[in-house]
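Dear colleague,

Please find the sequence and the structure below. My notes on what was found follow directly after them.

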Amino acid sequence: MLRSEFHYELPRELIAQAPLTQRSASRLLVLDGATGAVEDRRFADLPELLRAGDLLVFNDTRVLPARLTGRRSPSGGRVELLLERVLERRRVLAQLRASHMPKVGGEIELPGGARARVDSRAESFVELTLDRDAASLWREHGEVPLPPYIERAPEPSDRERYQTVFARAPGAVAAPTAGLHFDAALLAALEARGIERAFLTLHVGAGTFEPVRAERVEDHELHAEWLGVSAELCAAVARCRARGGRVVAVGTTSVRALETAAQRGTLEPFEGESALFIYPGYRFRVADALVTNFHLPESSLLMLVAAFAGREATLAAYRHAVAERYRFFSYGDAMLVTPARGAKANGLDTAAGDAARGGRDAL
């Protein structure tokens, strides 16, 4: 399977540079994966597109002000750090961008007089030891880490808008963007219709913006991300199944977390790291429908959607979205997707497809 098989043409002007004033005012493209049929709706229509007894599963991660700029010592060259995660109180893993990468053992001057030493380096990621508490430094001096395709500086409003209304657990460097469309009024409308909700946590890392560089899709490896699936969520899924409802995953992060927790054949509580890479050929155990934003061409996230709804149907839906001038990526519009025939495993006790890699084996 080739990376180029997931390419589509996207006019630059369709990449959303700012959010809409009202979260639920976005458009919603409904894709029936079994037939390939598409329908143009509004995101506020979601309650009538779901059924009483369905279960929405949200990612409650909270975005950190993860972007920090500094200078290489002693040269003074500018560096940009995107926090991946805090390893210990004074140690972090970060993605580093600079015209000249610092050497292992080199020092970086950071805001507030802080200093960091480079302990190790792997591609664009570095492990750093700081001379003070890392979380406090980022909270005080960090910026909202808007994605690289948003070509403007962060504004004060992004601190709230690039965050879901149910964000609770700090740790992400990018928002689970499918959740950005939900506001209090929409959540109330869903509840009134008898649609339940539950939460898991997956801390989206800087690796989410890393392109698929391998030409053979099967050769690509995802960066691991931390996730937590609770016993409470597993019980909510079991109740949903018992009443004949559908599990509707909000975002590709929710899908990956659910599927990671079900890799042994049964959905069970899980806490730890996963590098589960889902692409066509994978058989889904948990999710019955997916709410997702539009994703970059040739990206691992687009490949996950293609695994769920079928590659041809997904790319045809994207071409429709381009023709209809939908807004793309993090601050853009959304899709509601149901699975293609054969995309679902026959129950949680069925082995996953051979195309799945990196679940519990990569923890």
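The charged end of arginine 27 sits over the ring of tyrosine 326, at 3.8 Å from the ring centre; a charge counts as sitting over a ring if NZ of Lys or CZ of Arg is within 6 Å of the ring centre and within 35 degrees of the ring normal. Tyrosine 326 also belongs to one aromatic cluster, together with Tyr8, Tyr149, Phe294, Tyr318, Phe328 and Phe329.

Please note that this is a predicted model, in which local features need pLDDT of at least 70 and side-chain atom pairs count only at pLDDT 80 or more, while totals for chains, interfaces and linings use all residues. Residues are numbered from 1 along each chain as its sequence is written, and side-chain values use heavy atoms, with hydrogens and water left out.

Aromatic pairs

The structure holds 17 aromatic pairs. Rings of Phe, Tyr and Trp (its six-membered ring) pair if their centres lie within 6.5 Å; planes under 30 degrees apart count as stacked, over 60 as edge-to-face and the rest as tilted. One of the pairs is edge-to-face: phenylalanine 58 and phenylalanine 182, at 4.9 Å centre to centre and with 90 degrees between the planes. Phenylalanine 58 lies in strand 3 and phenylalanine 182 in the loop between strand 11 (169-172) and helix 4, so this pair ties together parts that are 124 residues apart in sequence. Helices (H or I, at least four residues) and strands (E, at least two) are DSSP runs, numbered from the N terminus. Phenylalanine 58 is buried, with a relative accessible area of 0%, and phenylalanine 182 is likewise buried at 0%. Buried means under 20% relative accessible area, exposed over 50% and partly exposed in between (1.4 Å probe, protein chains only).

The rings of tyrosine 149 and phenylalanine 329 have centres 4.8 Å apart and planes at 55 degrees, so this pair is tilted. Tyrosine 149 is in the loop between helix 2 and helix 3 (158-161), and phenylalanine 329 is in the loop between helix 8 (311-323) and strand 17 (334-338), 180 residues apart. Both tyrosine 149 and phenylalanine 329 are buried.

Helix 4

Which residues of helix 4 are buried? In this helix (residues 184-192) they are Leu186, Leu187 and Leu190. Seen down the helix axis, they fall within an arc of 100 degrees (taken from the directions from the axis to the C-beta atoms), so they line one face of helix 4. On the other side, Ala184, Ala185, Glu191 and Ala192 are exposed. The buried residues of helix 4 pack against helix 1 (46-49), strand 3 (55-59) and strand 12 (196-202), where contact means heavy atoms within 4.5 Å. Glycine 194, whose phi is positive, near 85 degrees, follows helix 4.

Strands

Strand 3 and strand 14 run parallel and are joined by three bridges; two strands pair if DSSP finds at least two bridges between them. Leucine 55 stands opposite valine 247 in strand 14. Strand 14 (residues 247-250) points Val247 and Ala249 one way and Val248 and Val250 the other way, and all are buried. Strand 14 also pairs with strand 16 (residues 289-293) in the parallel sense, over three bridges, and valine 248 stands opposite alanine 289 there.

Elsewhere, six strands close into a barrel in the order 5-6-7-10-9-8, with antiparallel pairing. Strand 5 (residues 67-73) and strand 8 (residues 107-109) pair in the antiparallel sense over three bridges, with arginine 71 opposite glutamate 109 in strand 8.

With kind regards
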